[in-house]
Structure formats: structure tokens, C-alpha cells
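Work through the exercises below with the sequence and the structure in view. Each task is followed by a stepwise solution.

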Amino acid sequence: MKKSQLQKINNWQEIPWKEIMFIIRDLQNEIVKATLILDMRLVYKLQNQLVSSFEGRALAIRKTVSNSGGKTPGVDKISWSNPTERFKAIEELGKITKNPNKYKSSPLKRVMIPKANSTELRPLGIPTLIDRAVQAVYHLAVDPVVETRSDFNSYGFRTGRSQHDAIAYIRSWLDKTYSPEYVLETDISKCFDKICHEFLMRNTPICHKHVLKEWLKSGYIFENKYYDTNEGTPQGGIISPMLCNVALNGIEKEIRNIFPVNKTVKEGKPKVYVSRFADDMIITGKDIQTLTSAKQIIQDFLKKRGLELNETKTRIVTIYDGFNFLGFNISRKKFNPRLNNHTEQTTVLVIKPSEKAVKSIKAKIKNIIRKNSTEIAAIIKELNPVLRGWGNYFKISYHSQSTFINIGHLVWQQMMQWVRRKHPRKPIVKASAKYIITGKTHSNHKWV
């Protein structure tokens, strides 16, 4: 479909999403090319073209309403619940991108939500839908530049990269006989909440700086009271993960300036490797002194961005003690080479779910089964996606058979307890027969 035909679209249902995505992809590719030749004037021109286009605005509205929480309104209590409202939002967004210097962001609606695997609460900022759409369309334009400039071994909030890629990379340089034996675990204290606004204003490659300033200085409303925001980028905003990468990109280069990549395997080499996922980072080295120096480099780097390490969660360990990263536990264990004729190594790299991850899934399994006290259909509907998601995430952990067996046994135990509660007067064998398929008709399990 030609661009002239796109201008004649009169409703949401007529929008040809496939063609629109092709047009936006081509524009993003042009932005990448301009970034590579360091032509920022052309970059900003192409960004302005993208955010002003019907295609960019339509795709931004679609992303906004299809995201998790896309129906949750902000402080203005406005939601786009039908196609007519969404199509009108494209025009409303066009008025903003046509005159970006007149844009005024609404305050965020702040709510407190539990941290993952914790009883602590963290703040979540909910922008209005139109502010989310503004962020989404500028994200389409700015992300190609940030992606092009990103650290090679950065894996968080990047298209086509995941936690599995980070773990695979770590495995590639820790499973050799000559692999580094020391690891620096780092944790940045309140990264999203503390990023320096002035740094983001100077270093975010966005064509309209006023729009960025409005997001950063929008403030928030909590318990009917307004608060200013003088630092940080709110968790909950579409643009926030990318701004986190803007702040942290370059950290690998800083370390590489002091510790270049090893070209050959020699005892004297520092063996420094870096893997970062958002604000979680792992650095390896041949000894404690090397990693102490690397830690100082990181501290100096973060200080310029208004950030600092959380000293209580930053430590140097040996690979034999092991460390946790992205829910996995990684360590080296003694290994008898006679059990495997293909290697003479005396140790093996073990990657498995961390104790915290196992404890979390067990608690979730127990909660799901216990709260659904009468209907097994409700248990199946809620529990299966949890088990499937957890299994798919940790299936790349190479020595986790016993962990998966243990979790499977827990499901069996909890379900048998559920049967006993539901049928207290029946023998457990007869009561459970109603719910369980036995034999090997389903995969390799003894029961389903």
C-alpha cells in the first residue's frame, strides 16, 4: 500500500498493520545508517519524520493499548476502550508531534506494588494513555540510535536479546579449564529512581529535547498529593528501560580501556569479561585485585550519572563458591573424568535455578493449589501456565534435572493433599483416580 493510500484511511479497522510495520522498519534502518556515519543532523531529521508520520503514530497507539496494563488509565481517568477512540488518539498524538515544544506531560499516578520474590514494595508510575503513546512513538525513533550505541554484552531491554543470551555468553567463558576463577557481582542502588536528569538530557539522542524534559519533570500524584520529580525515570513508563540503557551504555568500554579483551590464553592475562542485563552486571577476573580495580571503574562511571553501587549486594566471589545471576546459580563443581570419556577436566560448570527461584516457584504452586479449594479446572487453568513459563525459562540450566524432579514431586504432594481435603471420607487411591491419568500414554510421566 502506498503512502498516499494510507492518508485516506478513515477508521481503525482499515489500518494495514503489516505495511505500516514495513514502513517504520525502513525508517529505523535509515536512522541506524545515519547513526553509524555519525550524522546526527540526519538522525534527528529522520526521527522527526517518524514521530510525525501516520504510520509511527498508529503503531504507537497500537503498542500502547496492547501492552500489559494498556487499559489502565492515568490521572486523567481516560481509557481507549474501542476502535473509534483509538483512531481519534492517532490524530491527538499528531497534534503533539507537530508542535512538540508545546507538549505538557501529565503527572504520573503512583501505586506501590510488591517486588518480585519479596515482601518489599516498589513504586510504579502510571502515565496517562496519551503520554504513554507519546513515549511509544519517540521510542520507535530513539531506540535504533541507542541500540546501535549499546554495549556489546548488554542484554536487557534490547530487541532480539534475552536473559538466555546473557547466560549462554557467561557459560562460553566460564566452562573452560583456563576460565577466570573470580567473579564480581554488582547491584546498582535504585537505578531507575536515581538516574541524573541532566545526564539524560545531555546524552539521550532524541530530536525534541523538550519532550524528554516533560517526561522527566512530570511529577507524580500519590494519595491525592502532587510530588516533583528531580531525579530518576519512573518504572512503568514505556521509555524508562531505554533511558536506563542510555545511562549505563559505555560501562563495558570503560572497563575494556583498562582491561582489553584477551587475544590469547596466557596466565598473565586479566581474564576480564562483562555481562550486563539492565542494572544487573557480572564481571570476571583472574584475581581479587583485578576485580577491585574494575569495581572502582564502575563506581567512577556511575557517579557521573547520579548512581552508586549497593555495597550490601556487591561482592567478589570465587567461581567455586558460585554466584546468582538472572535467577540462575552458576558455579564450578568437582567432576570425575572417568564418568565421561570426552573430557579430562576435573571440574564442571554447573548452571541451575537459584535457591531463591526454586523457593519462589514452590510458594506459588502451593498458593495456587490451596486457594482453589473446590474446582480442579481452576487449578489447571492457573497452574499450567506458571509451570510452563518457569520450565521454559530454566530449561537452559544444564544440571537441573533433580530440581525439576523435586518441583514435580511437590506438585504431586500438593495435589494429593488437595484430594484429601476435597474427599475426606474416601480412600486416597479411589479419590485420586478420578483426577489422574496413569501409565505412559502422556509423554514420559507416570501420571498426569
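**Exercise 1: the second largest cavity**

Asp143, Val146, Glu147, Ser150, Phe157, Arg158, Met242 and Asn245 line the second largest cavity. A cavity is a set of points on a 1 Å grid over the protein atoms alone where a 1.4 Å probe fits but cannot get out, and lining residues have an atom within 4 Å of a point. The model is predicted: local features need pLDDT of at least 70, side-chain atom pairs count only at pLDDT 80 or more, and totals for chains, interfaces and linings use all residues. Residues are numbered from 1 along each chain as its sequence is written, and side-chain values use heavy atoms, without hydrogens and water.

Task: state which element gives the most to this lining, and how the lining divides by residue class.

Solution. 
1. H6 and helix H11 (240-248) each give two or more residues.
2. H6 gives the most, with three residues.
3. The lining divides into three nonpolar, two polar and three charged residues.
4. The space in this cavity is about 40 Å³.

**Exercise 2: strand S10**

Task: find the strands that pair with S10, and explain why S10 is described as largely enclosed.

Solution. 
1. S9 (residues 323-325) pairs with S10 in the antiparallel sense over three bridges, with Asn324 opposite Asn329.
2. Two residues lie between these strands in the hairpin, where Leu326 takes a positive phi near 60°.
3. S10 and S11 (residues 347-353) are also antiparallel, over seven bridges; Lys333 stands opposite Val348.

Key. Buried < 20%, exposed > 50% of the residue type's maximum accessible area, 1.4 Å probe, protein only. Helix = DSSP H or I, 4+ residues; strand = E, 2+ residues; numbered from the N terminus. Pairing = 2+ DSSP bridges. 1 Å grid on protein atoms, 1.4 Å probe; cavity = no way out; pocket = protein on both sides within 12 Å on 5 of 7 lines; lining within 4 Å. Points joined across faces, edges and corners; volume = space filled by probe spheres on them. Nonpolar A, V, L, I, M, F, W, Y, C, P; charged D, E, K, R; others polar.
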